[in-house]
Amino acid sequence: LALGPLAQSQTETCTVAPRERQNCGFPGITASQCTSRGCCFDDSVRGFPWCFHPNTIDVPPEEECEF
């Protein structure tokens, strides 16, 4: 199975500003329930979702080296 160019140029990160978090869970969700959904868990910031979708960031393609 080959990955398409879109899949190769993006990656996900759990570094998301609290105000930008998109809820991925439900009240009382545990860290293991959250991560099993493919989401991020951070309960250190009150008033914002603890279980949230990761950020997708674009990664520039690697340049091929010529010898």
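Predicted model: local features only at pLDDT ≥ 70, side-chain atom pairs only at ≥ 80, totals over all residues.
1. At 8% relative accessibility, Arg-21 counts as buried, where buried means under 20% relative accessible area, exposed means over 50%, and partly exposed lies in between (1.4 Å probe, protein chains only). Arg-21 belongs to the loop between E1 and H2. Helices (H or I, at least four residues) and strands (E, at least two) are DSSP runs, numbered from the N terminus.

2. Residues are numbered from 1 along each chain as its sequence is written, and side-chain values use heavy atoms, with hydrogens and water left out.

3. The overall architecture is as follows. Two helices and four strands are present in the protein chain, and from the N terminus on its elements run α-β-α-β-β-β. The protein chain has 67 residues, of which 15% count as buried.

4. Among the contacts in the protein chain with a separation of 6 or more, 58% are between residues 24 or more positions apart.

5. What does Arg-21 touch beyond its neighbours within four places in sequence? The partners are Val-16, Asp-42, Val-45, Pro-49 and Phe-52. With one of them, Asp-42, the side chain of Arg-21 meets in a salt bridge (2.9 Å, N to O). Asp-42 lies in the loop between E2 and E3 and Arg-21 in the loop between E1 and H2, so the pair ties together parts that are 21 residues apart in sequence. Asp-42 counts as partly exposed, at 25% relative accessibility. A salt bridge is here a side-chain nitrogen of Lys or Arg within 4 Å of a carboxyl oxygen of Asp or Glu, and by this rule the count comes to one.

6. How many disulfides does the rule give? The count comes to three, a disulfide being a pair of cysteine sulfur atoms within 2.5 Å. In general terms, a disulfide is a covalent bond between the sulfur atoms of two cysteines. With the bonded cysteines of the protein chain numbered in sequence order, the pairing is 1-5, 2-4, 3-6.

7. In the disulfide of Cys-14 and Cys-40, the sulfur atoms are 2.0 Å apart. This pair links distant parts of the chain, 26 residues apart: Cys-14 is in the loop between strand E1 (10-13) and helix H2 (31-36), and Cys-40 is in strand E2 (residues 40-41). The link of Cys-14 and Cys-40 is left-handed, with -80° about the S-S bond. Cys-14 is partly exposed, with a relative accessible area of 48%, whereas Cys-40 counts as buried at 2% relative accessibility.

8. Cys-24 and Cys-39 form a disulfide with their sulfur atoms 1.7 Å apart. Because Cys-24 lies in the loop between E1 and H2 and Cys-39 in the loop between H2 and E2, the pair ties together parts that are 15 residues apart in sequence. Both Cys-24 and Cys-39 are buried.

9. A further disulfide joins Cys-34 to Cys-51 (S to S 2.1 Å). Cys-34 is in helix H2 and Cys-51 in strand E3 (residues 51-52), so placed that the pair links distant parts of the chain, 17 residues apart. The torsion about the S-S bond of Cys-34 and Cys-51 is about 95°, so this disulfide is right-handed. Both Cys-34 and Cys-51 are buried.

10. Which residues make up the largest nonpolar core? Five residues do: Cys-24, Ile-29, Cys-34, Cys-39 and Cys-51. A nonpolar core is a set of buried Ala, Val, Leu, Ile, Met, Phe, Trp, Tyr and Cys residues joined through side-chain atoms within 4.5 Å. Leaving aside its neighbours within four places in sequence, Cys-39 is in contact with Cys-24, Cys-34, Cys-51, Phe-52, His-53 and Pro-54.

11. Phe-48 lies in the loop between E2 and E3 and is partly exposed, with a relative accessible area of 35%. Not counting residues up to four places away in sequence, Phe-48 touches Pro-18 and Arg-19. Phe-48 and Pro-18 are 30 residues apart in sequence, yet 6.0 Å apart in space, C-alpha to C-alpha.

Notes. Contact = heavy atoms within 4.5 Å.
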